[in-house]
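Here's a quick tour of a protein chain, written for someone just starting out. Have a look at the sequence and the model, then read on.

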Amino acid sequence: MIVGFSQKGYFDEAFGHFRELRRVGMTLNEVSLTGVLSACAQAGAFEFGKILHGFLERAGFLWMVSVNNALLDTYAKCGDIAMAGLVFERMPQKRTIVSWTSLLAGLAMHGHGDEAIQLFHEMASTGVMPDGIIFISLLYACSHTGLVKEGCTYFDEMRNVYNIEPSIEHYGCMVDLYGRAGQLRKAYEFACQMPIPANAIIWRTLLGACSFYGNIELAEKVKLKLSELDPYNSGDHILLSNVYAVAEKWKDVAAVRRSMNDLKIQKTPGWSMIEVDKVMYTFLAGVKQDDKIVVEAYEKLKEIMLRLRLEGGYAPEVGKVLYDIEEEEKEDSISSHSEKLAVAFGIGRLCKGKKIRVVKNLRICRDCHVMMKLISDVYNVEIVVRDRSRFHSFKDGFCSCRDYW
């Protein structure tokens with residue numbers, strides 16, 4: 001039940017069943033422990049994960065390699081890569097390929113490309129043979145830190161040195177590598193020349209890069225490919241709409257929206273989660289509920305935005321809003337993004353000096369990214385946001401991604 005709830009995203013239920021298991025006095029085992037740690041990792045439940053860590057040490061469960069791997073993964077996905085590294089260093093049993101992969105993937109998500117490469121070479125020096133999965137994390141690390149040359153080198157080494165035939169995931173990483181670096185034409189040509197047909201995920205990755213860099217011509221070409229493979233995906237329509245909106249081509253934006261309505265496509269709602277006093281709170285974008293928690297978050301957010309305007313010179317990036325509407329309405333639209341609400345709630349509820357950790361289901365937008373940097377500076381607070389693809393650690397007005405994401 002714990003594993004099932006965790007896999008389906010019902011984290012409160014997974015935690016509740018674990019507590020019930022403990023209450024009735026049943027003996028814990030490898031499955032229950034890794035299951036609840038997995039729930040912590042996915043939900044970003046850092047405090048609950050730390051409590052579990054203490055329990056595992058006292059109960060003598062840290063001799064299990066699988067439990068250590070799950071604990072390492074939990075810290076990495078909850079935003080504490082230093083603690084993940086400590087778990088890795090202290091593992092009492094021989095590290096497996098899963099151990100190395102978990103830490104390398106964590107470094108990749110946090111944007112530590114050079115450290116990920118160093119860890120890969122350290123693993124190779126111990127005699128552990130890399131597999132296709134760890135190469136995905138390695139290429140991902142190169143992609144998220146702009147290490148294009150290094151990524152190309154490891155892609156070639158995978159085949160020529162380790163005799164690992166690239167899978168669709170490896171090809172996708174290469175398209176992402178070129179796309180994030182702004183080499184959109186190269187990414188498109190790579191996708192077209194792949195020995196196996198590019199899937200919807202690869203074309204969607206490239207469409208996201210076109211949206212980020214505002215390349216309308218290429219975005220339209222890529223969208224045609226996606227229309228053949230996955231015509232009902234809301235994210236693809238939104239990305240294309242975003243490209244048009246940035247260029248202020250409102251007629252094209254409207255055409256995309258009409259197409260979505262005709263196909264009865266619903267936009268995936270954005271949500272963000274934050275852990276406060278070991279309780280997980282979820283906020284939805286643009287939903288002004290009567291719930292007192294949501295009201296509290298909105299009130300705190302208004303206060304924060306006013307202070308940021310006065311002390312940080314904040315001006316909402318209304319040009320990134322996807323509708324041809326009045327400026328005031330645009331500001332209302334971007335101010336209700338879920339990560340802003342979660343951070344505002346955290347500032348209002350958490351003790352001073354406490355790090356704010358937020359998990360988000362979509363990619364963070366430019367305006368939220370700018371605002372988080374300002375909040376970290378004006379409020380002297382550290383904010384960690386895990387979005388759909390990576391971590392952003394905001395401190396003293398800067399982000400760990402160095403504005404490359």
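**The cores**

In this predicted model, the largest nonpolar core has 91 residues, and Phe15, Leu56 and Leu206 touch the most other members. A nonpolar core here is a set of buried Ala, Val, Leu, Ile, Met, Phe, Trp, Tyr and Cys residues joined through side-chain atoms within 4.5 Å. Buried means under 20% relative accessible area, exposed means over 50%, and partly exposed is in between (1.4 Å probe, protein chains only).

- Leu206 touches Val175, Leu184, Ala187, Tyr188 and Val222, leaving out residues up to four places away in sequence; contact means heavy atoms within 4.5 Å.
- Another core, of 37 residues, lies apart from it, with Val276, Leu350, Ile356 and Trp405 among its members.
- In soluble globular proteins, nonpolar side chains tend to be buried together.

**How to read the model**

- Residues are numbered from 1 along each chain as its sequence is written, and side-chain values use heavy atoms, with hydrogens and water left out.
- Since this is a predicted model, local features need pLDDT of at least 70 and side-chain atom pairs count only at pLDDT 80 or more, while totals for chains, interfaces and linings use all residues.
- pLDDT is the predictor's confidence in each residue, from 0 to 100; the chain's mean is 90, and 94% of its residues reach 70 or more.
- Among the elements of the chain, helix α12 (residues 184-192) has the highest mean pLDDT (97) and helix α18 (residues 327-335) the lowest (49).
- Over residues 322-331 pLDDT stays under 50, and the model has 19 contacts beyond four places in sequence for them.
- Where pLDDT is low, the predicted coordinates should not be read in detail.

**Helix α4**

- Helices (H or I, at least four residues) and strands (E, at least two) are DSSP runs, numbered from the N terminus.
- How far should the 14 residues of helix α4 (residues 46-59) span? At 1.5 Å a residue (times one less than the number of residues), the answer is 20 Å, and the end C-alpha atoms are 20 Å apart, which agrees.
- Buried residues in α4 are Phe46, Phe48, Gly49, Leu52, His53, Gly54, Phe55 and Leu56.
- Their cover includes α2 (11-23), α3 (30-43), α5 (65-77), α6 (81-89), β1 (271-276) and β3 (356-360).

- Six strands make an open sheet in the order β2-β1-β3-β4-β5-β6, with mixed pairing; two strands pair if DSSP finds at least two bridges between them.
- β2 (279-284) and β6 (398-399) are the edge strands, each pairing on one side only.
- β3 and β4 run parallel, joined by four bridges, and Arg357 stands opposite Val384 in β4.
- In a regular strand the side chains alternate between the two faces of the sheet.
- In strand β4 (residues 383-386), Ile383 and Val385 point one way, Val384 and Arg386 point the other way, and all are buried.

- Is Lys352 buried or exposed? Lys352 sits in the loop between α19 (338-349) and β3, and is exposed because its relative accessible area is 86%.
- Thr101, in helix α7 (residues 97-109), counts as buried because its relative accessibility is 12%.
- Beyond its neighbours within four places in sequence, Thr101 is in contact with Ile133, Ile134 and Ser137.
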